[in-house]
Amino acid sequence: MEAGAHRQRRAGRRARQGPDHAGGIGLKPQRRDWLPGYLFISPAILLFVVFVAGPLVAAFGLSLFHWDLLSTPEFAGLDNFKQLVTDGATVRAVINTFVFALASVVTHIGIGMLLALGVHRTMTRGTKYFVRTAYFFPFLVSWAAVALIWKYVLDPAFGLANYYLSATTNWLASPTLALPTLIVVDWWHTIGYTFIILLAGLQTVPAQLHEAARVDGANAWWRFWSVTLPVMSPTIFFATVITFIGAFQIFDPMVIMTQGGPDGATRSIVQYTYEKGFQSFEVGYAAALSLVLFVVIMVVTGLQFRLSRRWVHQ
């Protein structure tokens, strides 16, 4: 009698808890709902741990040691970080990279917007397709091929640049011209990506807003300033963030075209990290440099998001 009453009480408790417990699967309803979600995001979490969080932790650990990849690592504490402050080459590489990134953002957003406006307004459909393809095509070419092409174009003896300018300038050997030259080469290679982003943003501006502004007597400049730019501000913000992050990690043209010269005038922070890690085999110092790169990009991106509250239209 007592066992029968116990079974009845347990059956009643299961009935009150619902069909999930009565089914005997052993999971509470909320936990069973979470499980598919965790399974769906598990590949992304695994990739993040392997390719982002893991290397970041490893870089921080390596930055605390002196290690040349062959001998036993020697604990160095914060010596590698102290060396960052006194190493003139590091300071110059950071300045070069900032100049390159800021110039890249200004030229890509400014000229990219002008190109997008020109293609969006005044061309036939066939011409638009041709221009889009023409501007985007260099972005599909590898940096190695682009760098070699431009080395021939800028060659002081037989390059096309000096031929059409009737000059004898050694563009890549001049301390004052080498970095601006690389900025131009980078612009030629990657402007197509920014151009496509801005052109897509222009196509989302409602025509009714322009018609309303035109009826109110606004001229073309005022319509662009008061209608086009506010509506496109999220697109411009996205292009600005992406362009800065990409430019701050520039590596290939410096290595292939100038090897960081002349006298470090074009050395970027990523190139200097590579040189320290895989040429000088100062692995700990290279890890500290990579952490500096990470912190700078994170801080500048956070600052961009902070400032975006003042000018990005929500």
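In this predicted model, the axes of helix 9 (residues 178-202) and helix 11 (residues 220-248) come within 9 Å and cross at roughly 155°. Helix 9 is therefore roughly antiparallel to helix 11, a term for angles over 145 degrees. Their crossing is right-handed. Helices here are DSSP runs (H or I, at least four residues), numbered from the N terminus, and axes are lines fitted to C-alpha atoms over the stretch in contact, with angles running from 0 to 180 degrees between N-to-C directions. Residues are numbered from 1 along each chain as its sequence is written, and side-chain values use heavy atoms, with hydrogens and water left out. Local features need pLDDT of at least 70 and side-chain atom pairs count only at pLDDT 80 or more, whereas totals for chains, interfaces and linings use all residues.

On the helix 9 side, the contact (heavy atoms within 4.5 Å) consists of Tyr 193, Thr 194, Ile 197, Leu 198, Gly 201 and Leu 202. Helix 11 meets them with Thr 228, Met 232, Thr 235, Ile 236, Phe 238, Ala 239, Ile 242 and Thr 243. Nine of the residues in this contact are nonpolar, five are polar and none is charged.

Helix 11 also packs against helix 10 (residues 207-215), at an angle of about 160° and with the axes 10 Å apart. These two helices are therefore roughly antiparallel as well, and the crossing is right-handed. Leu 209, His 210, Ala 213 and Arg 214 of helix 10 make the contact with Arg 223, Val 227, Thr 228 and Val 231 of helix 11. By class, there are four nonpolar, two polar and two charged residues.

The largest nonpolar core has 55 residues, of which Phe 100, Leu 154, Phe 248 and Met 257 touch the most other members. Such a core is a set of buried Ala, Val, Leu, Ile, Met, Phe, Trp, Tyr and Cys residues joined through side-chain atoms within 4.5 Å. Among the elements that give two or more residues to this core are helix 9, helix 11 and helix 14 (283-311), and helix 5 gives the most, with 11 residues. Leaving aside neighbours within four places in sequence, Phe 248 is in contact with Thr 97, Phe 98, Ala 101, Ile 269, Val 270, Leu 293, Val 296 and Ile 297.

Val 146 lies in helix 7. At 0% relative accessibility, Val 146 counts as buried, that is, under 20% relative accessible area with a 1.4 Å probe, protein chains only. Not counting residues up to four places away in sequence, Val 146 touches Pro 138, Val 141, Val 185, Trp 188 and His 189. Val 146 and Trp 188 are 42 residues apart in sequence, and their C-alpha atoms are 9.3 Å apart in space.

Definitions and conventions: Angles under 35 degrees count as roughly parallel, over 145 as roughly antiparallel, 65 to 115 as roughly perpendicular and the rest as oblique. A crossing is left-handed if the near helix is turned anticlockwise from the far one by less than a right angle, and right-handed if clockwise. Ala, Val, Leu, Ile, Met, Phe, Trp, Tyr, Cys and Pro count as nonpolar, Asp, Glu, Lys and Arg as charged, and the others, Gly among them, as polar. Buried means under 20% relative accessible area, exposed over 50%, partly exposed in between (1.4 Å probe, protein chains only).
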